[in-house]
Amino acid sequence: MATAISEQGHILQPAHDDGHDDGHGDGHGESHAGSMGLDMVKLLMWTFIASECLLFGTLIMSFLAYLGRHEQLAAHGLEAMWKGPLPHEVYDIPYTSVSAFVLLLSSLTMVLALAAAQANQQRQLRIWLVATALLGTVFLGGQFFEFTTFKTHENLWFDTNQFGSTFFLLTGFHGAHVTVGAIWLLSLWLYSLRYGIPPSKARIVEIAGLYWHFVDVVWIVIFTVVYLTPVALQF
Amino acid sequence: MVTQEVPAHGADHGGHTEAHAHPGPKTYIQIAVILAIITAIEVFILYLPEMGFGAARPFLVPAFIILSVLKFVLVVGWYMHLKFDDSFYLRMFAFSLIIALTLATGFIALFHGIHLGL
């Protein structure tokens, strides 16, 4: 898509009804500017992310609700809610740190994929898309191993205690988001193989990237609140 | 070719500022290195009490919060381009975060302060 600068210093972009210069002409990835001058697809993704903030916020708060309060719970006859292992007894922080690093690295490869799409570097785009999806899959494999370790070696599962219920719900929900993101990226990779993603369609990579980075941001919060803090406080 | 005109860098448009150019791969890699270093620092300070620095324990959680906020800002600002895109996206995201944090504060106060009679 050709762009130019007007005399007033504004960017001139092709409108939606023009002939696309990529030869496919389906309009996906083009700028969808609304009356506010904002990209409506991007705005929709940010709206979705805003709603996800509330969702994950609620799940994290559920985890924190009774954290470190097992003695008070016992005093109220609710000791069964914390019967079983406590967070600091089961966590393997070095292992989880590697998982966190893998997800952070996937954010780098994702943003490099976007930069490659914007620069019309098709080969690099495909490499970075696959790398991001693979790193996401490695993270999921690590999570699966952690879950099975907790279940088989620590006797911790959904119905063990309040910690198990909220931990598996929160991290499982996050894992589901990573899974969706990995499938999304692989579908983009397949699309790029078949049709290519020219700079005029880089927006579809950017939208997928927003989702992926948000998943990474959620893990940054989970890593601190759900893993590091309970271990530091010996909860 | 039919063209449409959108404001360029830093222009005010309907009460919100327009987008700036996104950073390049070099900046992205620098951010990744910083994120990795911060994560390593988080893990390192977690083990300070076990290394004989027991006095550090009360400062661990505040340190974790500060470091994770730093990571959060770097990813959201640079990788998600909120620092460079239209400020409307930033305000929308900030609004949802404020609601989530307000709800969280009320929730924690309810369960840790009232529900358990503390």
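Is B:H81 buried or exposed? In this predicted model, B:H81 counts as buried, because 24 C-beta neighbours lie inside 10 Å and the cut-off for a buried residue is 20 or more. B:H81 sits in the loop between α2 (57-79) and α3 (87-115) of chain B.

Most residues other than glycine have a negative phi. B:H81 has a phi near 65°, a positive value. In chain A, A:N120 also has a positive phi, near 60°. A:N120 belongs to the loop between α4 (93-118) and α5 of chain A. A:N120 is partly exposed, because 15 other C-beta atoms lie within 10 Å.

Two packed helices are described by the angle between their axes and the distance between the axes.

| Pair | Angle | Axis distance |
|---|---|---|
| α1(A) (residues 40-64) and α7(A) (residues 202-232) | about 15° | 11 Å |
| α6(A) (residues 162-194) and α7(A) | about 160° | 10 Å |

The angle of about 160° makes α6(A) roughly antiparallel to α7(A), since angles over 145 degrees count as such. The crossing of these two helices is left-handed. On the α6(A) side, the residues in contact include A:F167, A:H174, A:W184 and A:L188. On the α7(A) side they include A:I204, A:Y211, A:W219 and A:V226. By class, the contact of α6(A) with α7(A) has 16 nonpolar residues, 4 polar ones and no charged ones.

With an angle of about 15°, α1(A) and α7(A) are roughly parallel to each other, and their crossing is right-handed. Among the residues that make this contact are A:K42, A:E52 and A:F56 of α1(A), together with A:R203, A:Y211 and A:F214 of α7(A). The contact of α1(A) with α7(A) contains 15 nonpolar residues, 3 charged ones and no polar ones.

A:Y211 is listed in the contact with α1(A) and also in the contact with α6(A).

A:T132 lies in helix α5 (residues 122-153) of chain A. This residue counts as buried, because 28 C-beta neighbours lie inside 10 Å. Leaving out residues up to four places away in sequence, A:T132 touches A:S106, A:T109, A:M110, A:A113, A:L185 and A:W212. A:T132 and A:I204 are 72 residues apart along the chain, and their C-alpha atoms are separated by 15 Å.

Key. Residues are numbered from 1 along each chain as its sequence is written. Chains are lettered from A and ligands numbered from 1 in the order in which they are written. This is a predicted model: local features need pLDDT of at least 70, side-chain atom pairs count only at pLDDT 80 or more; totals for chains, interfaces and linings use all residues. Helices (H or I, at least four residues) and strands (E, at least two) are DSSP runs, numbered from the N terminus. A residue is buried if 20 or more other C-beta atoms lie within 10 Å of its own, exposed if 12 or fewer, and partly exposed in between; C-beta atoms are placed from the backbone. Two residues are in contact if their C-beta atoms, placed from the backbone, lie within 7 Å. Axes are lines fitted to C-alpha atoms, for helices over the stretch in contact, and angles run from 0 to 180 degrees between N-to-C directions. Angles under 35 degrees count as roughly parallel, over 145 as roughly antiparallel, 65 to 115 as roughly perpendicular and the rest as oblique. A crossing is left-handed if the near helix is turned anticlockwise from the far one by less than a right angle, and right-handed if clockwise. Ala, Val, Leu, Ile, Met, Phe, Trp, Tyr, Cys and Pro count as nonpolar, Asp, Glu, Lys and Arg as charged, and the others, Gly among them, as polar.
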